Amino acid sequence: MKTIQDWINENPLINELVATKEVFWSNPKKEAFQTGLKKLSLNENDVEDAEERLKRFAPYIAKVFPETRKLGGIIESPLVPIQAMREKLSNMYKTPLEGRFLLKCDSHLPISGSIKARGGIYEVLKHAETLALQHGLLSVEDDYSILDSEKLRNFFSDYSIAVGSTGNLGLSIGIMSSKLGFNVTVHMSADAKKWKKDLLRSKGVTVIEYKEDYSKAVEEGRKQATSQPNCYFIDDENSRDLFLGYAVAASRLKNQLEEIDITIDENHPLFVYLPCGVGGGPGGVAFGLKLLYQDRVHCFFAEPTHSPCMLLGLITGLHDQISVQDVGIDNVTAADGLAVGRPSRFVGQTIEPLLSGSYTVSDQELFKLLKAMADTENIQLEPSALAGAIGPVKLSMEKDGRSYIQQHHLTEHMKNAVHLIWATGGSMVPKEIMEEYMSACHDNEE
Ligand SMILES: *Cc1c(COP(=O)(O)O)cnc(C)c1O
């Protein structure tokens, strides 16, 4: 068994992580896409299957969530140019930034206002479909809006769903499950915001609160599921379904890019910056994007300096066998959606050959970025959702970022690059809390 000191000797970057300094890491295990893909147990057929399932559910979603009707019951978010934010970032960090800057506003996904409206809702729908098909209450040729009936809600009320969450996954699973008629229990970690718990309770969801962090909430959810018959546990640490629900974002994004005449090719690379908690959301999206754009897309994960669990798992290769607490990091951050101390092994292993790199960002920077995004683009996000926003700055300023660009022969293409910042949550944050976030920024440098 290696000690922490052995790890540090091998990887000095861990020292920086332990000191909660901001770091940038370029992934030495990244491979050419086609080679990397061969190592994985998932492929494009799995993503297409998830896409088809979401299409089957669209008539039901459109019926029960009127806000999704504009898009025919497809739960999708806007893609918006943020050139003013690019200028702001360039001034804030005193570095020239080239290329087109886009924001993927999962913060404004319907139903639950975060990236969890992809994976979380998908897994609940898949479970509901499986049960209804098994019991002959549905066939795949049906118009799924028939699920909106007393009969089906009664049927689902004999089943329960459990999940552990720092807040947003609980919102997605809770809202979707209770709409279908399931009995649903959300096990919430200490980081979970009160308004998220209140909202869920108002929808008839059972919320159990813990004084511990996310890993404890998941463990309790898992226990509940094994002790109750007919209880299905949504396992954020290990779920292929969640992962595939997130991966569907890629083909939708491709269409959105085409609509605004953006092509991604050898001369126009795509850089994507994804806030990472346990890994499923950013991992799934990155996987989907790699399938579509292969070596033309460069995916980076972003974590808080106090919760760099995925990065620690990747550097050491230990994945879920090491937690940030093991190396003396406290996992305390204002970025509640990213407050995870131990990463998913499944995601870590899947993403290992595909990921370009990862970096950490301090809470203080997150608040500055939050205010900058609100001031320049009038887009209000929760702190977690800003972790991606500093990605292009890191890539251009950090030594390892610059060598990544050189090694991949991207230098001359940077002026044509597309930098896509994935904004993962925020539209449901109550006004008074958003005001607190805005005033948490102590940046007087204007
Ligand atoms: C959950 C979440 C993430 C990260 O997703 P993981 O699957 O936990 O890695 C990022 N941002 C927000 C706002 C989230 O709620």
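Predicted model: local features only at pLDDT ≥ 70, side-chain atom pairs only at ≥ 80, totals over all residues.

Reader: How many residues line the largest cavity, and which lie nearest its centre?

Author: The lining is made up of 25 residues, and those nearest the centre of the largest cavity are Ile-115, Lys-116, Gly-277, Gly-337 and Leu-338. Sorted by class, the lining comprises 11 nonpolar, 11 polar and 3 charged residues, while the space in the largest cavity comes to about 240 Å³.

Reader: Where does the ligand sit?

Author: The ligand is found in the largest cavity, one of 3 cavities of 30 Å³ or more in the whole structure. A shell is read by asking which residues have a heavy atom within 4 Å of the molecule; here there are 16 residues around the ligand, with Lys-116, Asn-168, Gly-279, Gly-281 and Thr-424 coming nearest. Helix H13, residues 280-293, gives the most to this shell, with 3 residues, and the shell as a whole has 5 nonpolar, 9 polar and 2 charged residues.

Reader: Which atoms of the ligand lie 2.7 Å from Lys-116, Gly-279 and Thr-424?

Author: For Lys-116, a side-chain N or O atom is 2.7 Å from an oxygen atom of the ligand, whereas Gly-279 places a backbone N or O atom 2.7 Å from a ligand oxygen atom. Thr-424 has a polar side-chain atom 2.7 Å from a nitrogen atom of the ligand. Taken alone the ligand exposes 380 Å², of which the protein buries 98%.

Notes:
Residues numbered from 1 in each chain as written. Heavy atoms only, no water. Polar contact = N/O pair within 3.5 Å; in protein donor to acceptor, adjacent residues only side chain to side chain. Areas by Shrake-Rupley, 256 points an atom, 1.4 Å probe, with all protein chains shown as cover. 1 Å grid on protein atoms, 1.4 Å probe; cavity = no way out; pocket = protein on both sides within 12 Å on 5 of 7 lines; lining within 4 Å. Sits in = over half its atoms within 2 Å of the grid points. Helix = DSSP H or I, 4+ residues; strand = E, 2+ residues; numbered from the N terminus. Nonpolar A, V, L, I, M, F, W, Y, C, P; charged D, E, K, R; others polar. Points joined across faces, edges and corners; volume = space filled by probe spheres on them.
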